[in-house]
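Open the model in your viewer and keep the sequence panel beside it. This tour goes stop by stop: select, look, move on.

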Amino acid sequence: NAHYWLGEIAMQQKDFDKAQTWFETLLQIFPAHSKADDAKFKLAQVYFEKGDKTQAKTLLESVVESNKSVAELAKNYLDKHFPE
């Protein structure tokens, strides 16, 4: 949980490099954690903000397929930022 919330704080401060580090660390060390899909969603937002739209879209699509509660947020983000 601490990694996730530290990533959130970094995002609020617009420190996307630090946020990326926190979310990636959570996903590497605790891939099955209850916050893993939330971290993927936030990491996708970080990639988007940093201009890596390909990586962002890949992560968002992964979260949408998870059918977790964050899937709807990921779908909305995809629809807004990647209209097809």
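Is K42 buried or exposed? Select K42 and see: K42 is buried, with a relative accessible area of 16%. Here buried means under 20% relative accessible area, exposed means over 50%, and partly exposed lies in between (1.4 Å probe, protein chains only).

Some ground rules before the next stop. This is a predicted model, in which local features need pLDDT of at least 70 and side-chain atom pairs count only at pLDDT 80 or more, while totals for chains, interfaces and linings use all residues. Residues are numbered from 1 along each chain as its sequence is written, and side-chain values use heavy atoms, with hydrogens and water left out.

**Stop 1: the whole chain**

Switch to cartoon. The protein chain has 5 helices and 0 strands. Helices (H or I, at least four residues) and strands (E, at least two) are DSSP runs, numbered from the N terminus. The radius of gyration of the protein chain is 12 Å, close to the 12 Å that the globule rule gives for 84 residues, so the chain is as compact as a globular protein of that length. That radius is taken over C-alpha atoms, and the rule is 2.2 Å times the number of residues to the power 0.38. Along the principal axes, the C-alpha atoms fill a box of roughly 35 × 25 × 15 Å.

Now show the surface. The accessible surface of the protein chain is about 5100 Å², and 51% of it belongs to carbon and sulfur atoms. Areas come from the Shrake-Rupley method with a 1.4 Å probe; for residues, only the protein chains shown count as cover. Of the 84 residues, 39% are buried.

**Stop 2: K42 and its partner**

Go back to K42, which lies in helix 3. E8 forms a salt bridge with K42, and the closest N and O atoms are 3.1 Å apart. The pair links distant parts of the chain: E8 is in helix 1 (residues 2-12), K42 is in helix 3 (residues 36-49), and 34 residues separate them. A salt bridge is a side-chain nitrogen of Lys or Arg within 4 Å of a carboxyl oxygen of Asp or Glu. Both E8 and K42 are buried.

What else touches K42? Leaving aside neighbours within four places in sequence, K42 is in contact with Y4, E8, M11 and F23. Contact means heavy atoms within 4.5 Å.

**Stop 3**

The whole structure holds 4 salt bridges. Select D17 and K50 for another one: their closest N and O atoms are 2.7 Å apart. This pair also links distant parts of the chain, with D17 in helix 2 (residues 16-29) and K50 in the loop between helix 3 and helix 4 (53-65), 33 residues apart. K50 is partly exposed, at a relative accessible area of 40%.

Next, pick K18 and D15. They form a salt bridge with the closest N and O atoms 4.0 Å apart. K18 is partly exposed at 44% relative accessible area, and D15 is partly exposed at 27%.

**Stop 4: K35, a lysine without a bridge**

Select K35, in the loop between helix 2 and helix 3. K35 is buried yet has no salt bridge; the nearest side chain of opposite charge, D38, is 4.7 Å away. For charges, Lys and Arg count as positive and Asp and Glu as negative; His and the chain ends are not counted. Not counting residues up to four places away in sequence, K35 touches N1, Y4, W5 and L26.

N1 and A36 are 35 residues apart in sequence and 9.6 Å apart in space, C-alpha to C-alpha.

**Stop 5: K14**

Move to the loop between helix 1 and helix 2, where K14 lies. Check the backbone: K14 has a positive phi of about 60° although it is not a glycine. Most residues other than glycine have a negative phi. K14 is exposed, with a relative accessible area of 61%.

**Stop 6: L78**

Finish in helix 5 (residues 71-81), at L78. L78 is buried, with a relative accessible area of 12%. Beyond neighbours within four places in sequence, L78 is in contact with K57, L60, E61, V64 and P83. Draw a distance from L78 to A56: their C-alpha atoms are separated by 9.2 Å, with the two residues 22 apart along the chain.
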